[in-house]
Amino acid sequence: MSQALKRVFVYGTLKKGEPNHHWLTSEKNGFSRLLAKGKTEIKFPLVIGTRYNIPFLLNKPGVGHNIEGEIYEVDDTMFSNLDVLEDYPRYYDRELQSILTNENEKLECWLYLIRNYPESMLAKPQLSSYSNRPEQPYSENYVQSKPDDLFTDG
């Protein structure tokens, strides 16, 4: 019995070479396959926030940049595990968005974003692409984070 695969667009720590990419490559989490690199058709603000230096895609369509990332096909098990990582729906929400591949193909993909955030998050530098950097390292302690951490950076 086969199941329909879902497409997921990742733009932060789940991308290849980033701190949480192992979630997508661990067979115990389910199946995933890289389809393509791409970018959001609609602009969004992508910022780094909280004391854990987490990349957040803010739900403010039309503001910011076309966000660069990777498109994966995942099975239901992987999709459920990504929901666990993203603490959906308590922390992140998800929605379908059009993603343009580097070959100019348009694919509908799930992406995770923050709907409820302080307006001050929009004043942070807005990125088109995330990468973990020594001057602003991602913290594995994110598992201790809470939605209220969006309101503090210290």
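Student: Reading along the sequence, what pattern does the chain follow?

Tutor: The chain runs β-α-β-β-β-β-α-β-β. That gives 2 helices and 7 strands. Helices (H or I, at least four residues) and strands (E, at least two) are DSSP runs, numbered from the N terminus. Keep in mind that this is a predicted model, where local features need pLDDT of at least 70 and side-chain atom pairs count only at pLDDT 80 or more, while totals for chains, interfaces and linings use all residues. Residues are numbered from 1 along each chain as its sequence is written, and side-chain values use heavy atoms, with hydrogens and water left out.

Student: Okay, how much of the chain counts as buried?

Tutor: First, the idea: buried means under 20% relative accessible area, exposed means over 50%, and partly exposed is in between (1.4 Å probe, protein chains only). Here, 49% of the 154 residues count as buried.

Student: And what share of the contacts joins residues at least 24 apart?

Tutor: A contact means heavy atoms within 4.5 Å. Take the contacts between residues at least 6 apart in sequence: 73% of them join residues at least 24 apart.

Student: Now salt bridges. How many does the count come to?

Tutor: Look for a side-chain nitrogen of Lys or Arg within 4 Å of a carboxyl oxygen of Asp or Glu. By that rule you get 7 salt bridges. One of them pairs Asp76 with Lys6, at 2.5 Å from N to O. Asp76 sits in helix H2 (residues 76-85) and Lys6 in strand E1 (residues 6-10), so this pair links distant parts of the chain, 70 residues apart.

Student: Which residue does Arg94 meet in a salt bridge?

Tutor: Asp83, with N and O 2.8 Å apart. Arg94 belongs to strand E6 (residues 93-101) and Asp83 to helix H2, so the bridge ties together parts 11 residues apart in sequence. Arg94 is buried, at 15%, and Asp83 is buried as well, at 12%.

Student: Where do Glu95 and Arg115 lie?

Tutor: Glu95 is in strand E6, and Arg115 is in the segment after strand E7 (106-113), 20 residues apart. The two form a salt bridge, their closest N and O atoms being 2.7 Å apart. Glu95 counts as buried at 17% relative accessibility, whereas Arg115 is partly exposed at 32%.
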